[in-house]
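Hello,

Here is the structure I promised to pass on to you.

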Amino acid sequence: MKGWTGVFLNVNLNKNTAVSQEFEQSLAHDFLGGRGFAAKILWDRLKAGTDPLSPENLLILATGPLTGIGLPNSGKLVVAAKSPLTGGYGDGNIGTLAAVYMRKAGYDGLVIEGKASSPIILHIKDNACKFLDAQEYWGKNSFITEAHLKQQFPRTSGVVSIGQAGENLVKFATVVSQEGRAGGRPGMGAVMGSKNLKAIVVEGTQQIPLANPEDMHKLAADGYKEVLSKPLYPFWKRQGTTSTVEWCQENGTLPSYNFKEGFFSGAEAIGGFAMEKMKVGNRGCPQCNMTCGNVVKDSDGKDSELDYENLAMLGSNIGLGNLAEVSTLNRLADEFGLDTISLGNVLGFALEASEKGLISEKIHWGNFEEIKSLVNDIAFRRGVGRVLAEGVRSAAKKIGGGSNEWAMHVKGLEVSAYDCHMAPAMALAYGTSSIGAHHKDAWVITWEIKAGRGNYDSRKVDFLIQQQLLRGGLFEALGVCRFAYNSLGLGMDWYQNYLHAATGEEFSIDKLDMISDRILNLIRAFWVREYGEQWSRSLDLPPIRWFKDPLTEGSLKGATLDLEQYDIMLDDYYEKRGWNHNGVPKKETLERLGLMEAAKQLHPKPLEPKLV
Ligand code: PTT
Ligand code: SF4
């Protein structure tokens, strides 16, 4: 098989075994890699109803056919499992050398089950796998853990680890790498912690099998040059994603005060230009010349790596307009391994609950010391932190008082940083995303604002589906970062050429769309199977606040979403996806995509009437 190593490593932590498993070429053709592999493995191997924090859950680290082969942006790894936060499919996409070395060690993916009897580190070096004692690391943050491991192992190794949040099973704990890459928003770090797995170190010395290595070599060199030549490159290098703060502010979509507003008076102080004044360097994922992580010194004088989401969720959404302080909260989140998006939501929720007298803790918008202390309490599950560590859906159930109306989540995953009071397509993107309210699958808001933000036009549904196939399907399966494509405009033909050089096969747009559609439908089927009787179309609704609480400030004052029109849009969306009125993929849709087992399980034959 060219382009794939064709091997998964199955690790069992109950038995301390690691067994290589060759897979059929058809799996690669049908699911490509990354999220595709993860979805297929979870569907096939995870028993429905498995407790996400039990040893039976599977933690999957999966690469794609373009991972680690020296192409621009090719150091990405999908980390997936059944999510403890949502109870459905969960994953994240992390930039890490572990992705590169996993492929060089001869694996397209790791599948980890069981639970070690005491904390361990998994060390993989080509075909050898060791289970090392991690007692001395347990209780340490992810930066210290990785730094120590880097001293112990050669430079040619990659490390992913968890911080204290993962150990303490915080439901939105992430996996961390390289002091600032964090992946697996829906609690992949907690799944790792539940297995007593502190870190994974990967070394690999082999060649990744390629169909046309010479073509690939040339394409890679040309690809880096092409990225450099893009007109948006110089500004990207200066600000990365952080300029989105100013854009959101201008367009009234910057989450502020727990998404009550889309406008923040302190936005300038936490935006891209303010960041530039404090910037001390760029960092990034392996094999990337776009290095979009902007490093600044935080209020403790320590390095903190910033992206847009971190600035908005730990800044405007909690009323904090001091960039050095926002950076400290961000660094703490990276050290503990807490997802910044969910953390910003949970903090905003707690601040509003305190303001409304629903919790006894006195915490105030923008009060850095109070908020910092709460972040520590969440990571260590102390006091009200114990409730907040479960995420906003669960916290709202606990504290009541109508707080479910401003608990900002979809299916349990907290929303990322785009206010949707006046953005129905973006709200639908959150409503129907594969993991809950994340923008990864479809960031349609910039297009929507140009296309006329207030309307519920059917064209928006078409555009959304196209984006979901591209971003949520294709880029999650390829094993590369999507930023060169969607932020700098590197054409799709580049990726088709890369795929051809890697695998020797032609991938037409139709073929790629079909693969993406298959992956996204299988993920949907997984959710439906897990939720069982609890499944309903109401799970595809965005947070109630956007329907009920009009914006009170700025040019969009008075704006809300319209439930009736959203519902019509949702019907249109379901029909175009081949799903029924309840958002369940129809039998014929699943069969058309070759998902026969899913078709059988979701649509069992009606029982024959018994003859008496
Ligand atoms: C991603 C999510 C994002 S999306 C951001 S900022 W973004 C937040 N970053 C966090 C962080 O940092 N520290 C932390 N403790 N928690 C964080 N949570 C949030 O996580 C990230 C980049 C970004 S930065 C984005 S959009 C793109 N996402 C990609 C994707 O999803 N797929 C893909 N093929 N390519 C992508 N490229 C870009 O990668 P999750 P990373 Mg991330 C400090 O992990 O779970 O997908 O959540 O992995 O290596 O940090 O790269 O404006
Ligand atoms: Fe990583 Fe940013 Fe490069 Fe993408 S553009 S690979 S997120 S450093």
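**Around ligand 1**

Ligand 1 is surrounded by 31 residues (each with a heavy atom within 4 Å of it), and the closest are Asn-93, Gly-184, Asp-334, Asp-339 and Glu-476. Please keep in mind that this is a predicted model, where local features need pLDDT of at least 70, side-chain atom pairs count only at pLDDT 80 or more, and totals for chains, interfaces and linings use all residues. Residues are numbered from 1 along each chain as its sequence is written, chains are lettered from A and ligands numbered from 1 in the order in which they are written, and side-chain values use heavy atoms, with hydrogens and water left out.

A polar backbone atom of Asn-93 is 2.7 Å from an oxygen atom of ligand 1. Asp-339 places a polar side-chain atom 2.6 Å from a nitrogen atom of the ligand, while for Lys-440 a polar side-chain atom lies 3.0 Å from a ligand oxygen.

Strand 5 (a DSSP run of E, at least two residues) gives the shell its largest share, four residues.

**The nonpolar core**

The largest nonpolar core has 163 residues; such a core joins buried Ala, Val, Leu, Ile, Met, Phe, Trp, Tyr and Cys residues (under 20% relative accessible area, 1.4 Å probe, protein chains only) through side-chain atoms within 4.5 Å. Leu-66, Tyr-89, Leu-338, Ile-378 and Tyr-495 touch the most other members.

Best wishes

Definitions and conventions. A polar contact is a pair of N or O atoms within 3.5 Å; within protein, one must be able to donate a hydrogen and the other to accept it, and residues adjacent in sequence count only if both atoms are side-chain atoms. Buried means under 20% relative accessible area, exposed over 50%, partly exposed in between (1.4 Å probe, protein chains only).
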